Protein chains: 2
Amino acid sequence: MYLGSWLSRLCRGLSRPIGKTPHPIWGSLSRSLSSQRIPEFSSFVARTNTCGELRSSHLGQEVTLCGWIQYRRQNTFLVLRDCHGLVQIIIPQDEKMPTGEIEIKVKTAELLNTCKKLPFEIKDFVKKTEALRLQYRYLDLRSFQMQYNLRLRSHMVMKMREYLCNLHGFVDVETPTLFKRTPGGAKEFLVPSREPGKFYSLTQSPQQFKQLLMVGGLDRYFQVARCYRDEGSRPDRQPEFTQIDIEMSFVDQTGIQRLIEGLLQYSWPDDKDPVAIPFPSMTFAEALATYGTDKPDIRFGMKIVDISDVFRNTEIRFLQDVLAKPQGTVKAICVREGAKYLRRQDVELIREFAAHHYSQEVLPIFLNAKRNWSSPFAKFIMEEERLELTRLMEIQEEDMVLLTAGEHEKACSLLGKLRLQCADLLEMRGVVLRDPALFSFLWVVDFPLFLTKEESPTELESAHHPFTAPHPSDIHLLHTEPEKVRGQHYDLVLNGCEVGGGSIRIHDAQLQRYILATLLKEDVKLLSHLLQALDYGAPPHGGIALGLDRLLCLITGAPSIRDVIAFPKSYRGHDLMSNAPDSVPLEELKPYHIQVSWPTDSEEEDASATPSKNLNS
Amino acid sequence: MYLGSWLSRLCRGLSRPIGKTPHPIWGSLSRSLSSQRIPEFSSFVARTNTCGELRSSHLGQEVTLCGWIQYRRQNTFLVLRDCHGLVQIIIPQDEKMPTGEIEIKVKTAELLNTCKKLPFEIKDFVKKTEALRLQYRYLDLRSFQMQYNLRLRSHMVMKMREYLCNLHGFVDVETPTLFKRTPGGAKEFLVPSREPGKFYSLTQSPQQFKQLLMVGGLDRYFQVARCYRDEGSRPDRQPEFTQIDIEMSFVDQTGIQRLIEGLLQYSWPDDKDPVAIPFPSMTFAEALATYGTDKPDIRFGMKIVDISDVFRNTEIRFLQDVLAKPQGTVKAICVREGAKYLRRQDVELIREFAAHHYSQEVLPIFLNAKRNWSSPFAKFIMEEERLELTRLMEIQEEDMVLLTAGEHEKACSLLGKLRLQCADLLEMRGVVLRDPALFSFLWVVDFPLFLTKEESPTELESAHHPFTAPHPSDIHLLHTEPEKVRGQHYDLVLNGCEVGGGSIRIHDAQLQRYILATLLKEDVKLLSHLLQALDYGAPPHGGIALGLDRLLCLITGAPSIRDVIAFPKSYRGHDLMSNAPDSVPLEELKPYHIQVSWPTDSEEEDASATPSKNLNS
């Protein structure tokens with residue numbers, strides 16, 4: 001394909017339909033954007049119209065167009081393209097007229113640039129590797145999908161701003177990204193300063209600043225905030241990402257939830273099914289028990305059922321053993337039509353997964369069309385148990401049941417994973433389980449305030465972050481059984497992905513100090529400014545942050561967050577276009593008083609990220 | 001002062017005016033913000049009204065207020081404050097009623113937090129050092145002025161977004177800040193990566209990305225972009241700052257200028273005098289010759305006049321000497337009423353300044369009320385010269401003339417400085433020269449494309465940046481006399497301060513390569529991705545960036561850009577509240593393969609910033 005840039009001063013339009021311009025989406029997107037007025041896409045520039053805009057109503061007008069030559073035949077016919085669409089152009093020679101609603105007869109034309117042979121054709125059906133797309137990102141951006149994604153992103157953020165600023169009196173405040181490290185703040189990029197041994201840290205979120213703004217009387221804050229997190233090489237994470245960051249004074253959990261529901265409804269793209277509000281809400285305990293996860297995809301059932309009571313008098317030895325323990329449970333999910341669509345090999349893989357990742361036994365029960373149970377242990381199930389199971393789990397012909405036994409959390413967590421694996425398998429076989437056009441939001445609430453540290457189970461760490469306020473009804477437990485305290489923390493889940501999270505914060509300096517120093521054993525000095533601020537009449541406050549990249553990824557159905565970011569890094573944190581990060585001449589390190597410590601071979605293997613807790617809202 | 005946080009569920013309003021709430025500015029600011037609808041400041045939160053909002057029309061309503069106790073007497077009268085204003089509250093005991101348009105009779109009240117004694121009172125007349133303000137920034141933010149500045153900033157940026165997105169079809173695209181160093185990119189912060197010896201650089205501006213977006217068909221781009229520049233300790237600079245960053249395809253210089261004029265007019269605060277458009281324009285050559293600077297403050301005259309011809313036959317020896325040289329000129333400014341307001345000591349200081357910083361002699365001529373000339377060299381000025389000078393410079397009684405002689409650029413530059421010094425002196429003596437309510441925008445255009453390097457006068461450097469397109473009429477000079485080529489570069493000046501700058505860019509890869517490699521001798525490899533992008537059908541394009549912090553500083557009349565930023569760094573780059581930058585435990589440097597090189601005492605003195613050119617638009 002030859003691409004050229006073309007400016008044509010053009011003339012009297014003509015006849016016959018060419019058919020629809022192929023990509024009218026951002027035209028109409030932007031038209032619906034503002035109820036007041038249609039944006040003017042050709043103000044201040046050489047063109048009078050975009051290539052996607054001309055209709056038969058423009059017949060006879062003199063227009064100026066700018067674009068790329070999409071197609072050319074014998075210097076007579078041209079198809080001119082810009083990001084709004086295509087238009088056919090005829091350079092007068094004879095009066096031969098192709099079909100078309102409108103075409104443009106050239107008066108003057110100027111070639112503005114030439115174009116080398118492209119490394120790939122910019123057509124959706126041309127498959128290219130992601131590495132090639134990222135290397136030539138400026139060409140990849142010309143694709144319909146990337147244009148749509150980035151324009152939708154801009155449009156949606158603009159609507160969010162209108163909602164927050166114009167409708168609800170929020171103040172957009174920019175907060176610094178060059179700051180001080182947070183306690184336990186691994187995952188933070190360091191920025192050497194010109195003072196020897198002194199470093200800034202790039203902020204993981206504006207968490208501290210937004211709380212300080214509440215103390216400072218900016219009582220309705222928001223920011224579309226750039227955040228930084230160094231997670232090493234993790235798929236579908238970016239070293240810099242964007243969150244819609246919100247904080248309010250004098251608010252409770254319900255207030256934040258209603259605000260976010262309104263925000264999403266107001267900014268939701270017109271070309272998607274509208275979202276229904278209020279969103280359903282579920283406690284963490286219920287989410288874990290029913291879906292085996294704190295971010296359930298509630299577009300489909302396949303819920304986890306506790307069937308311990310069914311097997312109280314079982315003769316199956318391993319169930320007996322489990323149930324004899326104080327924490328022992330028996331759990332199962334019923335995969336509708338699983339016996340019809342899943343194969344023995346699928347179940348073998350599932351059992352291997354459970355054994356390998358959870359050291360758990362999973363038992364399958366297949367029902368054939370005649371409701372016969374087929375299972376390695378079917379003969380040990382008593383008739384009474386069978387009836388009770390059928391009733392509890394609403395088992396039908398051709399269903400499959402996956403059963404496991406063990407400690408509540410572990411069993412639920414495993415079945416939560418298997419539930420998603422079974423859904424994938426069923427969909428591979430053509431069963432529609434999760435409607436991609438459906439946007440199913442869910443609040444998950446009543447999280448525990450603390451978790452025990454995996455590496456040291458006698459120590460506590462924050463489930464959300466250390467600024468989260470305890471649930472008012474659990475405050476009395478803080479000094480006695482802190483692990484039982486629930487936090488005023490809420491997560492927003494969309495189709496099984498966490499897209500936001502927040503909390504009501506601690507506004508009492510003494511309580512904050514107790515939690516940080518006594519319960520979490522953090523270095524309080526690093527947060528002395530925040531503790532001091534709470535002492536000076538901090539109002540009750542709370543907030544939330546929405547992950548904008550993830551949210552847009554789900555809305556556009558993009559396979560990766562890299563597809564909703566103009567210039568993303570690869571999963572290893574590289575910019576494949578410019579080759580960043582890159583070496584730096586020694587003399588440029590000098591002003592920062594640092595030098596490279598080149599690792600020995602053995603050290604290089606340990607260079608992986610150390611996990612740490614997250615201090616953003 | 002005792003500050004407490006107070007939530008009162010309140011009731012039946014009452015009588016008599018208290019007087020106006022003191023700070024109604026952001027209420028009305030936000031009210032005028034959106035023509036469609038008044039923002040709702042009390043949605044989603046515990047309060048029903050803000051403290052600044054209640055009027056006699058609310059009489060009898062039951063309201064809930066949240067705020068800080070501003071004043072308290074005997075637990076009977078309270079003044080409750082929030083960021084919107086004050087309201088008087090009476091806790092029913094007796095029916096004694098103070099004056100007031102409205103006051104609130106308490107039904108229930110809840111104390112939400114206590115407050116320690118503040119380190120300073122939050123009253124505009126209470127003077128405090130900036131260091132103290134920055135240390136307790138969260139308290140300083142409660143001041144009227146900081147609330148006004150930050151709310152105005154949010155409001156103005158929102159209007160800019162409406163103008164760009166909703167009215168003119170721009171797309172808001174977020175570009176990375178973790179990138180690769182730019183050629184000659186000292187002033188760039190480094191961010192060590194987990195790969196030994198590999199560093200990201202924090203971008204000084206989105207310059208390369210916005211040009212790549214044009215190649216990528218996002219033909220009307222903008223971003224409120226965070227930028228980073230490490231300039232060491234410089235007053236009124238910040239290591240991170242914000243620019244309104246804009247780029248368009250198929251645009252020329254006039255198109256960008258009209259866009260920006262419309263943008264500023266649309267977003268201009270309602271409580272300021274409106275700006276008139278179009279803005280006047282002046283060439284760089286004219287600005288230098290008339291105002292001795294590329295950013296003239298045109299709110300007042302005192303223009304530089306070339307009086308070389310007056311002295312062609314002078315008997316004054318040092319003028320003879322200068323005029324005998326090929327580049328020799330004689331220049332002067334006339335300070336209106338200077339003889340009346342300026343003192344001999346002032347003039348002595350001026351002459352010392354000129355001698356010290358410019359090695360230039362400055363001669364004063366004072367006119368007394370009877371038009372007698374008083375000057376060290378008055379007797380050498382011939383009558384004919386005196387008449388011609390009076391005519392050329394419109395000299396009147398009580399004026400003062402400052403005269404210097406030398407090479408054009410140097411003489412102009414010196415007089416440009418003296419012009420501002422004299423203006424300062426006159427204003428100190430009560431003469432109003434520069435109306436602070438006047439916003440005088442000016443375009444400066446036709447800059448040279450290249451400057452000769454100060455340290456090596458045979459080498460060239462970009463006056464703006466290396467992506468600036470040459471003036472079409474000067475292109476033929478590129479290969480013969482590049483120093484004579486003008487660039488398509490425009491600066492926006494407000495009241496003598498540069499608030500923006502941009503250019504039409506080079507879209508021809510060959511020309512860009514020639515300028516970078518042959519003329520500027522830059523390492524083209526660092527920009528190979530950009531050069532390659534230009535080869536793939538780059539459209540003609542251009543753009544601009546406005547310095548948002550500086551612009552708001554001028555609009556609000558703030559003494560420093562730190563007053564329009566929520567959490568600024570000190571001029572040494574420190575966050576005085578949290579003490580960033582800070583030391584980092586050795587083990588946190590390890591994953592980044594760096595170590596600190598502690599300087600010896602002698603090295604420490606050289607640790608100042610090295611100046612370098614700037615690659616932003």
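Modeller: Angles under 35 degrees count as roughly parallel, over 145 as roughly antiparallel, 65 to 115 as roughly perpendicular and the rest as oblique. This is a predicted model, in which local features need pLDDT of at least 70, side-chain atom pairs count only at pLDDT 80 or more, and totals for chains, interfaces and linings use all residues. Residues are numbered from 1 along each chain as its sequence is written, chains are lettered from A and ligands numbered from 1 in the order in which they are written, and side-chain values use heavy atoms, without hydrogens and water.

Biologist: At what angle do H5(B) and H14(B) cross?

Modeller: H5 (residues 207–215) and H14 (residues 528–535), both of chain B, cross at roughly 25°, and their axes come within 10 Å. The two helices, H5(B) and H14(B), are therefore roughly parallel to each other. (Helices are DSSP runs of H or I, at least four residues; axes are fitted to C-alpha atoms over the stretch in contact, with angles from 0 to 180 degrees between N-to-C directions.)

Biologist: Which residues make that contact?

Modeller: H5(B) supplies Gln208(B), Gln211(B), Leu212(B) and Val215(B), while H14(B) supplies His529(B), Leu530(B) and Ala533(B), with contact meaning heavy atoms within 4.5 Å.

Biologist: Next, how are H7(B) and H12(B) arranged?

Modeller: The axes of H7 (residues 284–291) and H12 (residues 408–428) of chain B come within 7 Å and cross at roughly 60°. That makes H7(B) oblique to H12(B).

Biologist: And the residues in contact there?

Modeller: Leu288(B), Ala289(B) and Tyr291(B) of H7(B) meet His408(B), Glu409(B), Cys412(B), Gly416(B) and Arg419(B) of H12(B).
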